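Work through these exercises with the model in view. Try each task before reading its solution.

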Amino acid sequence: MSTNILSQLVAELSSGRIRIIDLTQTLSPEFPQISLPPEMGQCLPFRIEEVSRYDDRGPGWYWNNFSCGEHTGTHFDAPIHWISGKDLPNNATDTVPITDFVRPACVLDCSKEAAANPDFLLTVEFVKRWEAKHGVIPTRSWVLMRTDWSKRTDPAAYQNFDETGQHTPGPDAEVVQFLVHERDVIGFGTEAIGTDAGQAQYLRPPYPCHYFMHGAGRYGLQCLTNLDRLPPTGSVIVAAPLKIQDGSGSPLRVIAMVTS
Amino acid sequence: MTRELSRPKRKNPILRTRLATLPPGARSRVALGLTAAAARGAFELQVCRDCQAVQYPPREACQACLSSRLPWRVQAGDGELIADTTLAHSNDLFFRERVPWRLGYVRLDCGPTVVVHMHGDVPPAPARVKVGARLDKSGQAVLIAFPSQEVPNMADDRQLREFTCDPKFRKVLVTDGKTGIGQAIVKAIIAAGADLVWVGHAEPWKKFPGFDELKAIPQVSLMPLDLTDSKSVREIAAEIGGRVDVLINTAEVHRNFGIGNRRGVEIAQAEMDVNYFGLLRLAQEFGPALRGRAADGQSNAVAWVNILSVYALANFPPHGTFSASKAAAHSLAQCLRAEMRPAGIRVINVFPGPIDHEWNQQIPPPKVTPQALATAIVRALKDGVEDVYPGDVAQEWLERWRDNPKALERELSNP
Amino acid sequence: MRRGYDDVVITCPVTVPYVRYSIRGGHWFLARALAELVKASGVAKASMDGLCVSSFTLTPDTAIGFTQHVGVSPRWLDYVPLGGASGVVCLRRASRAVQAGDADIVACIAGDTSHTDSFRLTLANFSMFARDAVYPYGAGGPNASFAFLTSYYMRTYGAERADFGKMCVAQRDNALKYSEALFKKPLTLAEYLDARPIAEPLRLFDCVMPCAGGEGFLVMRKARALDLGLPYVHILGTIERHNGFPADPIQMRGGWAVDRDDLYAQAGVSPSDIDFFQTYDDYPVISLMQIEDLGFCAKGEGPAFVRANTLTFDGSFPVNTSGGQLSVGQAGAAGGYLGMVEAVRQLTGQAEARAVKDAKVGLVSGFGMINFDRGLASGAAILGAA
């Protein structure tokens with residue numbers, strides 16, 4: 001029977017009735033990385049050095065070495081990333097249950113609100129309004145916050161710094177707890193550079209999405225793109241981080257399956 | 001009277017760009033004492049410690065008393081031009097391309113007679129002159145006679161410009177304009193007559209004070225440039241490498257850690273990635289283009305400036321990994337200098353003492369202001385020196401280092 | 001009083017024909033010079049038990065390598081790398097060796113090749129001081145050095161370019177009677193004055209032309225020369241001096257001025273007895289200084305002396321009767337032999353159409369090695385006809 005289901009999946013993919021949408025930003029040196037105050041440790045941006053390109057360094061082949069942080073580009077946050085999740089079982093990239101790598105998603109469209117207010121915070125009230133329209137968020141779903149932030153191709157606009165810090169949308173503290181405890185989501189995903197808002201250090205607790213999600217063994221996805229091409233419900237996310245030993249996160253290819 | 005330099009006409013694109021030639025660069029080892037002094041802008045001759053006789057040409061023994069104690073000592077350079085000539089012919093390629101070339105024969109007040117290149121404003125012999133040492137395009141010291149008094153447009157003299165890297169009418173790349181140093185240098189180099197200054201800035205989402213002011217300067221052209229990103233360096237070099245006459249590498253990462261007070265290597269890596277690998281990336285991408293334009297007319301490619309640190313000479317443990325990265329950069333800059341020398345491109349290494357910026361907040365004064373550093377760099381380009389130690393601290397360290405490197409190591413480790 | 005040279009004599013002046021450039025090496029010209037000496041003397045090379053060699057282009061060899069190159073086994077060997085002073089200095093060394101019995105027949109030879117780029121290379125590596133303190137300044141070589149001296153001399157002593165021109169023209173006139181001279185056409189004063197500038201005030205005809213060639217002579221006892229039937233000349237007096245007047249700020253006199261009284265005293269003659277003078281003449285100003293320093297006029301009176309004499313072989317005060325280097329060419333170290341060989345020819349009746357009438361006493365001077373700002377080596381010899 002399982003063979004039949006998989007065969008059917010393949011057939012649906014081949015026929016185009018199930019489409020695959022890439023939710024991943026290209027890993028490039030230009031793509032901005034999270035910026036902390038300069039005295040702190042920093043996440044490396046993506047860097048790539050050519051090893052050979054059909055030349056004297058390797059006559060018949062082309063390859064590169066690349067380097068980056070665990071939290072560079074479109075990436076996955078494991079629970080161990082945050083201090084609140086440090087003692088949980090199976091909390092790192094090499095130990096998180098692989099069954100979590102394929103999960104359904106709910107996409108909450110906050111694009112209008114984010115356009116009007118870069119510091120927009122997702123609230124419980126917003127979620128409940130969304131549920132009134134699309135149904136209750138199913139258990140063990142990804143909640144993806146669509147802000148169209150990925151359409152900001154100018155790195156400066158994407159980062160949106162001013163002298164008071166970064167201004168990007170994210171969830172407030174209450175809604176994160178609501179999603180974890182009331183909806184049992186598997187994780188929270190955003191288009192901006194963090195799962196938390198740019199000004200989230202001023203929330204209580206600071207960085208609530210990191211604090212509560214990871215504290216509850218849930219995950220984060222950030223720097224997603226193409227969320228505008230997903231339906232509010234019904235898509236399935238494939239998000240498998242690299243199997244980094246004791247890793248706190250990982251750049252990864254995030255894809256979504258949607259029905260036509 | 002030297003005619004003021006005028007802006008060169010645009011290059012005729014159907015004419016071949018001439019290749020660089022060098023004046024004769026072979027010297028005996030003892031003669032390199034003249035080069036060592038000229039490299040930091042000094043004119044020194046050997047003076048016998050036993051009988052005080054001033055020697056020239058450089059010798060292994062005093063011609064008066066046979067003493068071998070011949071330390072190099074700064075000379076005033078005043079003297080009498082007793083004969084002069086203008087070469088209309090030379091068997092050497094470099095001079096063959098530059099005749100007529102004026103030479104002089106000067107009796108220095110301190111004793112020796114010296115053969116000199118001549119500044120155009122020195123009158124025919126006999127005349128009072130001031131002799132100074134300069135590096136020529138081979139990187140070796142030569143002596144030049146200047147008029148005894150300052151004259152208008154002195155720096156614009158045709159022969160003198162073969163020894164200097166004057167930014168006037170030249171196009172300059174300043175690799176990082178986000179820092180106070182970068183901004184001060186951009187302003188100083190424009191004040192010195194640079195035609196165009198490309199200013200690099202990494203991580204364009206990070207805004208720094210003063211950066212908008214730079215944007216408003218008409219000669220400034222901003223370029224995204226991140227020395228940690230090979231692709232960025234390659235792309236910028238492809239875009240402007242063929243036009244840069246002077247490259248000033250102002251990019252640096254400076255943190256305040258030694259070994260024990262910071263776990264891990266990521267800070268040290270970040271320092272190395274900009275301070276050392278950044279220089280390597282720049283050198284690989286811009287070096288060939290600069291070399292190719294080293295003889296490209298009046299505004300040819302002439303110089304490469306590295307801002308290093310006196311900490312490159314001896315480690316300052318409170319800034320230990322930064323010191324190490326600057327020492328690595330210093331070593332690489334020596335390699336760069338060797339590779340640029342066949343084209344006559346001068347590599348100028350600047351060794352400032354603590355600069356008055358946030359990463360030296362806790363270093364007590366005196367500290368070099370960015371403006372003073374910028375002034376020193378412009379001066380170095382105009383004088384064509386190789387090594388610059390701007391500021392009182394750098395000067396003192398240099399003296400200490402030359403006197404006893406081991407003692408300096410101890411002094412720096414017990415502040 | 002220094003000891004004289006007794007019955008030591010000079011014979012067999014030989015010349016290896018000069019060419020502007022040659023594909024041969026320096027060894028070739030020296031070997032030809034030695035072969036010419038064998039031919040001229042009838043003495044086998046094995047019987048020449050002394051050898052004295054001067055050359056710039058023998059490198060990396062010196063005289064010792066040359067012995068194996070040409071298969072000789074001398075019991076006395078010297079290498080005299082003194083450029084324009086080589087002729088006089090070789091004569092001094094060789095004659096004392098013969099006089100002392102250390103050698104019976106000394107072959108003195110000098111020669112150099114000339115490739116299209118060899119002059120530049122010679123200049124670049126001429127000396128430590130030249131490499132450190134002269135060559136980087138325009139790489140003008142002796143042209144620049146003599147330009148300084150010439151301009152200083154003109155300014156100080158009132159010489160005109162025409163004075164130097166007269167010397168060059170007179171030497172060219174002499175050269176027209178010497179078959180080995182590379183310059184075959186007369187030179188006019190106008191041509192001299194209007195020639196292209198090289199290093200002002202020097203123009204083309206002030207500057208010696210480097211070329212390839214060789215010269216040689218033999219030194220032996222008179223009795224041996226008579227046995228062999230070789231015409232000879234006597235050595236009346238000689239001097240040498242190196243780095244004379246080191247404190248002079250610029251070279252306006254050479255070492256001759258230190259020793260000239262000694263020279264004339266040893267020879268037992270005075271300047272007025274000299275019938276001709278072979279100077280070392282890579283540039284006319286240094287010829288003029290030799291005329292002054294060897295006592296024919298006071299310092300600074302050279303220009304007046306030149307104006308008062310013809311300087312030709314057939315006139316008053318013959319100078320450089322074969323044309324000198326300025327009209328024959330400068331074959332490297334052989335340039336230091338040119339005057340010596342010509343003097344022996346003049347005093348042994350071998351000077352053909354340029355013979356100085358009734359020449360009995362000749363003066364040869366040498367000058368060499370512009371090390372930094374001046375020529376260091378100087379020497380002179382007075383020769384007497386048999």
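**Exercise 1: the fold of chain A**

In chain A, 74% of the contacts with a separation of 6 or more join residues 24 or more positions apart; two residues are in contact if their C-beta atoms, placed from the backbone, lie within 7 Å. This is a predicted model: local features need pLDDT of at least 70, side-chain atom pairs count only at pLDDT 80 or more, and totals for chains, interfaces and linings use all residues. Residues are numbered from 1 along each chain as its sequence is written, while chains are lettered from A and ligands numbered from 1 in the order in which they are written.

Solution. 
- Step 1. Chain A has six helices and 15 strands. Helices (H or I, at least four residues) and strands (E, at least two) are DSSP runs, numbered from the N terminus.
- Step 2. The radius of gyration of chain A is 19 Å, close to the 18 Å that the globule rule gives for 260 residues, so chain A is as compact as a globular protein of that length. The radius is taken over C-alpha atoms, and the rule is 2.2 Å times the number of residues to the power 0.38.
- Step 3. The C-alpha trace of chain A spans about 65 × 55 × 40 Å along its principal axes.
- Step 4. Of the 260 residues in chain A, 42% are buried (20 or more other C-beta atoms within 10 Å of a residue's own, C-beta atoms being placed from the backbone).

**Exercise 2: two helices of chain C**

Task: how do helix H3 (residues 86-100) of chain C and helix H14 (residues 335-347) of chain C pack?

Solution. 
- Step 1. The axes of H3(C) and H14(C) are 6 Å apart, at an angle of about 65°. Axes are lines fitted to C-alpha atoms, for helices over the stretch in contact, and angles run from 0 to 180 degrees between N-to-C directions.
- Step 2. H3(C) is therefore roughly perpendicular to H14(C) (65 to 115 degrees).
- Step 3. C:Ser86, C:Gly87, C:Val88 and C:Leu91 in H3(C) meet C:Gly336, C:Tyr337, C:Gly339 and C:Met340 in H14(C).
- Step 4. By class, this contact has four nonpolar, four polar and no charged residues. Ala, Val, Leu, Ile, Met, Phe, Trp, Tyr, Cys and Pro count as nonpolar, Asp, Glu, Lys and Arg as charged, and the others, Gly among them, as polar.

**Exercise 3: chain B against chain C**

Task: which elements give two or more residues to the side of chain B that touches chain C?

Solution. 
- Step 1. In this interface, 31 residues of chain B are in contact with 29 residues of chain C.
- Step 2. The elements are strand E4 (78-87), strand E5 (101-108) and strand E6 (113-118) of chain B.
- Step 3. E4(B) gives the largest share, six residues.

Technical notes:
Buried ≥ 20, exposed ≤ 12 C-beta atoms within 10 Å, placed from the backbone. Parallel < 35°, antiparallel > 145°, perpendicular 65-115°, else oblique.
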